[in-house]
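Please work through the exercises below with the sequence and the structure at hand. Each task is followed by a solution in steps.

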Amino acid sequence: MADFVKLTSRDQLPPAGEAREFPLGDKMVCVANVEGTISAMDNVCIHRGGPIGQGTIEAGKVVCPWHGWAWDPQTGEAAHGAARVATYPLRIDGEDVLVEIGS
């Protein structure tokens, strides 16, 4: 079991209706705020490698800016259901935002 590590600070989280990218070691993590629910998932769209965290939120999904694939930030499932990206447990501890990437 992996430990939770600091991803960012609370004041850097995206506002409601937005997503952002955050570096964590050698990877980027997409953090999305869908109606106040904060979720973390892999930032690389498996369609063509686009940066999911640079996308927009539409109908509760983060839409990749490159080709429009939409991802559910809580489950990692593509809107069309044929693909999935990794999701990561996230918690807020005081002013720190922590994420568990895995071992």
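The exercises that follow concern the cores, the aromatic rings and the cysteines.

The model is predicted, and local features need pLDDT of at least 70, side-chain atom pairs count only at pLDDT 80 or more, and totals for chains, interfaces and linings use all residues. Residues are numbered from 1 along each chain as its sequence is written, and side-chain values use heavy atoms, with hydrogens and water left out.

**Exercise 1.** Identify the residues that touch the most other members of the largest nonpolar core.

*Solution.* A nonpolar core is a set of buried Ala, Val, Leu, Ile, Met, Phe, Trp, Tyr and Cys residues joined through side-chain atoms within 4.5 Å. Buried means under 20% relative accessible area, exposed over 50%, and partly exposed in between (1.4 Å probe, protein chains only). A second, separate core has 10 residues, including Phe22 and Val99.

**Exercise 2.** Classify the pair formed by the rings of Trp69 and Trp71.

*Solution.* Rings of Phe, Tyr and Trp (its six-membered ring) pair if their centres lie within 6.5 Å; planes under 30 degrees apart count as stacked, over 60 as edge-to-face and the rest as tilted. Here the centres are 5.9 Å apart and the planes are at 40 degrees, so the pair is tilted. Trp69 is partly exposed at 25% relative accessibility, whereas Trp71 is buried at 0%.

**Exercise 3.** Determine how many disulfides are counted.

*Solution.* A disulfide requires two cysteine sulfur atoms within 2.5 Å. The sulfur of Cys45 is 4.0 Å from its closest cysteine sulfur, in Cys64, too far for a bond. The count is zero.
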